[in-house]
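Biologist: I am new to this structure and would like to learn how to read it, feature by feature. Could you guide me through it slowly?

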Amino acid sequence: MRRTADAVVIGGGVIGAAVAYNLLKLGMRDVVLCEKATFCNGSTGRCGAGVREQWGSEGNCLLAKASIDMFEVLADELNYPHDLEFKQKGYLMLAHTEKEWAQFQKNVGLQNSLGIGSRLCTPEEAREIVPALNTDGMLGATFNARDGHANPFHVTRAYLTTAERLGGDINYFTEVAGIEVAGGKVKAAVTSKGVIETPIVINAAGPWAKPVAEMVGVTLPLFTQRHQILVTEPVGWLLDPMIMSFSIGIYCQQTPHGSLIMGIGDPHEPKGYDIGHSWEFLRDMSRIITRLLPALKDVRVVRQWSGLYTVTPDAHPILGGVPGVDGYLQAVGFSGHGFMLAPAVGRIIAEMAFGRETFLDVRNLDAGRFERGEYNVEPSVV
Amino acid sequence: MSRTDDDIIVCRCEDVTLGEIRRAISEGATTMDEIRRITRAGMGPCQGRTCRQLIASELARKTGKPVAEVMPSTIRPPMKPVAMGSLAKIGEEDEE
């Protein structure tokens with residue numbers, strides 16, 4: 001491992017990987033990434049693998065739209081030997097309550113005004129998109145064909161291996177224990193394998209972002225929360241898009257591999273670092289999904305697991321620096337949708353590290369927005 | 001090692017060959033989890049019952065560690081594939 005660097009990135013998930021790659025792409029030479037386990041060990045490798053532009057806030061819509069533009073060309077750009085399994089078969093958002101249907105109409109208006117091609121569907125039109133769908137009790141849906149899926153392991157590894165090829169130093173099983181700051185400036189990262197002198201440290205530590213921020217005296221308004229998920233055996237084609245319902249609190253998608261991946265957002269889940277799994281989840285998930293997609297009755301579950309959402313008060317990430325600690329940048333608090341925002345965030349954080357104007361204006365996603373009271377809660381999360 | 005060795009299917013559920021396992025190791029994988037994430041070996045219906053030991057031995061051989069020191073992958077429930085229709089009925093008899 002190098003002892004001096006131009007920047008040290010903390011975290012080997014998709015955000016850290018995308019940041020490291022973009023720093024090198026912009027011409028930084030000595031980029032060191034430290035990951036306490038191995039790639040995709042935190043939230044990225046446990047996520048639902050969906051990518052969507054259909055958000056309820058301008059900030060999330062623009063970050064997601066720019067990211068999908070980048071996902072479309074990522075395989076060529078990174079020249080990676082494995083398939084990234086990027087597919088664009090859409091997201092179908094189901095509305096079962098009047099409140100939800102009203103929100104969806106508002107969301108589609110906002111999305112269309114930002115150049116996102118989502119549209120409202122009747123239950124009949126939804127069934128044309130997903131013939132296996134039970135539309136009983138459904139008021140309508142929204143659909144956006146550009147949304148879809150990508151493989152989180154391979155996307156992350158594609159960024160990491162390309163970063164290595166560009167001269168980056170990627171270190172697994174290397175934990176950052178402290179960040180040295182003097183005179184209001186970052187001086188070094190203290191790791192389990194030695195000290196690295198550096199003027200820039202980037203916190204992309206996912207669920208551990210809060211303890212990392214504390215190393216420079218920053219208190220982040222983040223909490224972590226378990227989300228459970230399962231995958232079935234691969235089966236023949238059943239459905240194209242991701243199906244998602246906010247009032248029921250579920251999502252379900254068939255991956256290009258043929259397996260179906262699905263999860264529940266449980267509002268009663270306690271905060272914390274528990275990533276155990278429960279049989280109640282298997283039961284509840286199965287009950288809900290076999291009502292929506294009766295054909296899944298005969299499909300077998302092969303594996304269940306869970307991962308952590310790292311949640312901010314408004315379900316938008318916290319991006320950028322903090323006053324008083326020159327050289328410290330953070331890309332944290334993705335609230336369950338970090339994977340799909342990673343391409344754009346990687347570029348934005350790299351641009352910030354170079355002191356450049358960012359290609360998307362994210363000044364309103366700084367850490368200070370909560371104290372100023374300048375934030376709006378994203379309504380469309382599971 | 002011969003070409004034919006590389007063609008041996010190690011993970012029968014996901015059709016992963018010994019050659020693919022070796023490539024993942026040569027590209028830097030040092031743990032079972034990394035190999036699983038790169039190749040899908042062990043992610044199929046049997047959840048690694050067949051391939052787990054074979055991959056651990058290969059990893060031990062290539063990294064020069066005893067098999068016991070190879071970091072194992074997490075074993076996750078359900079232990080056998082279960083149909084969602086059956087899972088949906090858990091507890092129903094008791095409640096009737």
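This is a predicted model: local features need pLDDT of at least 70, side-chain atom pairs count only at pLDDT 80 or more; totals for chains, interfaces and linings use all residues.

Biologist: What is the order of the strands in the open sheet, and which are the edge strands?

Modeller: The open sheet has nine strands in the order 5(A)-6(A)-4(A)-14(A)-15(A)-16(A)-13(A)-17(A)-3(B), with mixed pairing. Its edge strands, each pairing on one side only, are strand 5 (119-121) of chain A and strand 3 of chain B. At the chain B end, strand 17 of chain A pairs with strand 3 (residues 82-83) of chain B in the antiparallel sense over two bridges, and A:Arg300 stands opposite B:Ala83.

Biologist: Is strand 16 of chain A mostly covered or uncovered, and which way do its residues point?

Modeller: A residue is called buried if 20 or more other C-beta atoms lie within 10 Å of its own, exposed if 12 or fewer, and partly exposed in between, with C-beta atoms placed from the backbone. Strand 16 (residues 260-264) of chain A is mostly covered, since five of its five residues are buried. A:Leu260, A:Met262 and A:Ile264 point one way, whereas A:Ile261 and A:Gly263 point the other way.
Strand 16 runs antiparallel to strand 13 (residues 223-232), to which four bridges join it, and antiparallel to strand 15 (residues 250-254), to which five bridges join it. Strands 15 and 16 of chain A form a hairpin with five residues between them, and A:Gly258 in the turn has a positive phi of about 105 degrees.

Biologist: How should I read the contact between the chains, and how many residues does each chain give?

Modeller: Two residues are in contact if their C-beta atoms, placed from the backbone, lie within 7 Å. The contact takes 23 residues from chain A and 20 residues from chain B. On the chain A side, the elements that give two or more residues are helix 5 (152-165), helix 7 (279-292) and strand 17 (300-311).

Biologist: Which residues have the most contacts inside the largest nonpolar core?

Modeller: In soluble globular proteins, nonpolar side chains tend to be buried together. A nonpolar core is a set of buried Ala, Val, Leu, Ile, Met, Phe, Trp, Tyr and Cys residues joined through C-beta atoms within 7 Å. The largest one has 136 residues, and those with the most contacts inside it are A:Val19, A:Val31, A:Ile202, A:Val345 and A:Ile349. Helix 8 (residues 338-353) of chain A gives the most to this core, with 11 residues. Not counting residues up to four places away in sequence, A:Val19 touches several residues, including A:Val9, A:Ile202 and A:Ile349.

Notes: Residues are numbered from 1 along each chain as its sequence is written. Chains are lettered from A and ligands numbered from 1 in the order in which they are written. Two strands pair if DSSP finds at least two bridges between them.
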